[in-house]
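Notes follow in the order I looked things up.

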Amino acid sequence: MVGAGYTGTEVAAQMQLLTDSLARRHPAGAGRPCWILLDTAPRVLPELDERLSRTAGRVLRARGVDVRTGTSVKEAGRDGCCSPTASSSSRGPWCGASGSGRIRWSRPSDSRWSGAG
């Protein structure tokens, strides 16, 4: 998830819960998905009081979301997203949240991600 504002944080938190629940119900599946929340801001929900922001970051991490603040996106497109420090082999499906609450999902064509998006 690109964007740790209100929408991105909520989507990452809820999707982590949903995909964990699905993985428990269907153990023969592909395993537990990894949700990553990226933002160039120094913390999650930077528009909130720092104490609330820290709490939100702790809750996300406790749920298993990989929170990466101070991180930009090197490339994002139909075939996935990666940060400047990621290798091209670690690309994965992505979604981005804007301040308007709109969410954009990628639909990678790579067979490793079939069914994603």
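I started with what covers the buried residues of H2, and the cover includes helix H1 (6–25), strand E1 (36–39) and strand E2 (66–69). Helices (H or I, at least four residues) and strands (E, at least two) are DSSP runs numbered from the N terminus. I'm working with a predicted model, where local features need pLDDT of at least 70, side-chain atom pairs count only at pLDDT 80 or more, and totals for chains, interfaces and linings use all residues. Residues are numbered from 1 along each chain as its sequence is written, and side-chain values use heavy atoms, with hydrogens and water left out.

**H2 itself.** I looked up its span: residues 50–63, 14 residues, 20 Å from the first C-alpha to the last. That is close to the 20 Å expected at 1.5 Å a residue (1.5 Å times one less than the number of residues).

**Which residues of H2 are buried?** I found Ser53, Ala56, Gly57 and Leu60. They sit on the same side of H2 because they cover an arc of only 100° around the axis, taken from the directions from the helix axis to the C-beta atoms. Buried means under 20% relative accessible area, exposed over 50%, and partly exposed in between (1.4 Å probe, protein chains only). On the face turned away from the buried side I noted the exposed residues Arg51, Arg58 and Ala62.

**Ends of H2.** At the N-terminal end, Asp49 is the cap, with a side-chain oxygen 3.0 Å from the backbone nitrogen of Arg51. Just after H2, I see Gly64 with a positive phi of about 105°.

**Core.** I checked the largest nonpolar core next, and it has 13 residues. Such a core is a set of buried Ala, Val, Leu, Ile, Met, Phe, Trp, Tyr and Cys residues joined through side-chain atoms within 4.5 Å. Among the residues with the most contacts inside it are Leu37, Val44, Leu60 and Val67. H1 and H2 each supply at least two residues of this core, and H1 gives the most, with 3.

**What does Val44 touch?** Leaving aside neighbours within four places in sequence, I get Ala4, Thr9, Leu37, Ser53, Ala56, Gly57, Leu60, Val67 and Thr69. Contact means heavy atoms within 4.5 Å.

**Whole chain.** I logged 2 helices and 6 strands, in the pattern α-β-α-β-β-β-β-β along the sequence. Buried residues make up 32% of the 117 residues.

Definitions and conventions: Polar contact = N/O pair within 3.5 Å; in protein donor to acceptor, adjacent residues only side chain to side chain.
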